[in-house]
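I opened the model to look up a few local features. My notes follow the order in which I checked them.

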Amino acid sequence: MQFVGRHARKCGCEGGLTMCGIAGIFEGRTNSSLSIADSVNLMGKMLVHRGPDSSGIWSDQSQGIALSHQRLAILDLSSSGSQPMTSHCGRFVLVFNGEIYNHLILRKNIACHVSSSGHVWRGHSDTETLLAHLSIFGLSETLDQLTGMFAFALWDIQEQSLTLARDRMGEKPLYYGLVNGALIFGSELKAIRAYPNFKAEINRSALAGFMMHSYVSAPYSIFKDIYKLPAGSVITITRKDVVNNVIPTPQQYWSINNVASAGLLNPFEGDFVAAQNQLEELLLSAIQQQMLSDVPLGAFLSGGIDSTIVVAMMQYLSNNPVQTFTIGFNEQGFDEAVYAKKVAQHLNTDHTELYVSPIKAMEIIPTLNNVYDEPFADISQIPTVLVSQLAKQSVQVCLSGDGGDELFGGYNRHISGPKIWKNARHFPLLFRKIVAEVLQTIPPHKYDSFFNWVGGFSQNVKNIRSPGEKLYKVSSLLNASSSQDVYSKLIQHWHNVDDLVLGIGGEAFSNTSTFTKEEFGLSHQMMLADSAGYLPDDILVKLDRASMICSLETRVPLLDRKVIEFAWTLPLDMKIQQSHGKIILKEILGKYVPRQLVDRPKAGFSVPMDQWLRDPLKEWANYLLQSEKIKNQGYLNHNIIQNIWQQHLSGRFNHGSKLWNILMFQAWLNDHKI
């Protein structure tokens, strides 16, 4: 499909974007008795879902290096975009997963630089553009110039070194580590585990971090000695490094912390209208860039602010109805599809919605550990997989609205957390602890009953989901000792992981980095911490794995580099006012859709897990939570787990989030036979 819109030009064979799975081995020695080509082939086969269109291997047994690539072709569907790809000069070999949105601009730069030498292009792929730019301008300048999402491995034949790099926000994944004297890497842990004689030993500190957050924080993985390359980082490994069994520390070429600090120290100087106009132009430009495709393209639409602004601008830029997709649930308080449908009707998109029964949704659960091949427990993973499956039936590329909450103050914690802390910190900690204990003597379901009664008189109260849980969360903030402690308590499911996870032997790995400069305010500190941790390690992981298991490519235009950098120059009152977040996005969106279509409390993309665990999932959960089973595994405290399980079944407490973390780990252990 060629995209031709009001502000677009025909792309056709001018571009060449490719989503893929990559893997590789760097042994650092030449006397291996095993064929590294055979080994990397095994690793690559585990990533076929990321690139079912074609595959390729490049290896040099004498140098102990092998690279594998699985291709999902999006633009330039010809073989000229196949990988691994060798550079025009013959020095470099590249495997690349992702898309370089500005690769046509980079081609022009290359053409100007090498015009005298008569550089000849073999095809139109962004892979060839990236490789040429790397070979001509070098790694540092290339990374600085790239606009897109990517993870790549570059083998330098002359220097006999391997370079791994990952995009600025971590949209594309990359794991690596030393195993049996060899450096191995892959897009997913599936590829790592396929390496011959890989020993799957669980990192208990990473497990503790998972129990706190529902995901394993970068740079760690669930396995010892296997790491995630952090977002915006690059690492170069030489033969000497591998021989000496050491890995250099990754170096950041771009940092969200630095961008945020620079933006807030040099704030936007125009008024609110000027800020709206500039942000709108940046968003239109990013969305236009990311609509380029030679295959059918659509968008996820939840009916919320972020997905709606993406779809609205897509429709504005397109001459034809944009294909949109949403998943609905019949359970009260969990159905966002009705709002998405109203938005779609107003914008006149080609809308597809699917209402999913609890039985259909729960059929996904046994497959989750194949989708997310390390423990992952964001409950919204279930509808994300379902909507990806739905979209794949019609399109090969989908745009998503992720990123708006982190950049523009969209989470409730960005608004309520600072307010609570501002008032609470004036009271002595001992007094606050006493108040918290008193509040927690009443179980959440009692508070729910009270709020339901009050909801009969107030629509605002009626719209609050799980008020008892929220009140318990607020009471926990009274125990906070610092602003960072406030953030930790708001995002963590388990606080006392030392009691839950056995044999940690150190601190739980947790990504809760925040601003060190208090003068920037707690809301911005939380937004930064979410951008550095929660966004790449949870939101983008959820999106990437759910879509790629279906061989569906997803793009996130709100995470365009220029949008991010501009967002951090905006003062807080352009993002949050009183009890409302994403103020500037709402004002821009008002130009495209009536405010009443999207102006409602944030609900999120979730399922009624609390109820499901008490009834249709009870038997499955009982099996995984057997005390004897957990005791024999030796990872978790079975007494604590049984206690919260019984509390949950009684209905006095909703421990759905805590239990889902445990269940996903138990299911992962069971499915992967760890």
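I started with a cysteine: C550 is buried at 14% relative accessible area. Buried means under 20%, exposed over 50%, and partly exposed in between, with a 1.4 Å probe and protein chains only. I found C112 exposed, at 62%. I then searched the whole structure for disulfides and got zero; the test is a pair of cysteine sulfur atoms within 2.5 Å.

For the record, this is a predicted model, where local features need pLDDT of at least 70, side-chain atom pairs count only at pLDDT 80 or more, and totals for chains, interfaces and linings use all residues. Residues are numbered from 1 along each chain as its sequence is written, and side-chain values use heavy atoms, leaving out hydrogens and water.

Next I looked at S551. S551 sits in the loop between α23 and β17 (553-555). Helices (H or I, at least four residues) and strands (E, at least two) are DSSP runs, numbered from the N terminus. S551 has a positive phi near 60° and is buried, at 11%.

I moved to α23 (residues 522-548) and picked R545. Is R545 buried or exposed? R545 counts as buried, because its relative accessibility is 5%. Its side chain makes a polar contact with the side chain of Y175, at 3.2 Å. A polar contact is a pair of N or O atoms within 3.5 Å; within protein, one must be able to donate a hydrogen and the other to accept it, and residues adjacent in sequence count only if both atoms are side-chain atoms. Leaving out residues up to four places away in sequence, R545 touches R50, P173, Y175, E188, V371 and Y372. Contact here means heavy atoms within 4.5 Å.

Then I checked helix α6 (residues 204-213). Nine of its ten residues are buried, so α6 is largely enclosed by the rest of the structure. Its cover includes α21 (483-491), α22 (497-500), α23 and α30 (656-672). At the N-terminal end, N203 caps α6, with a side-chain oxygen 3.1 Å from the backbone nitrogen of S205. S214 follows α6 and has a positive phi, near 80°.

Last, I listed backbone exceptions. Most residues other than glycine have a negative phi, and most peptide bonds are trans. I noted N180, not a glycine, with a positive phi of about 50°. I found a cis bond joining Q83 and P84, omega about -5°. Another cis bond joins A218 and P219, omega about 15°; P219 is in the loop between α6 and β10 (226-228).
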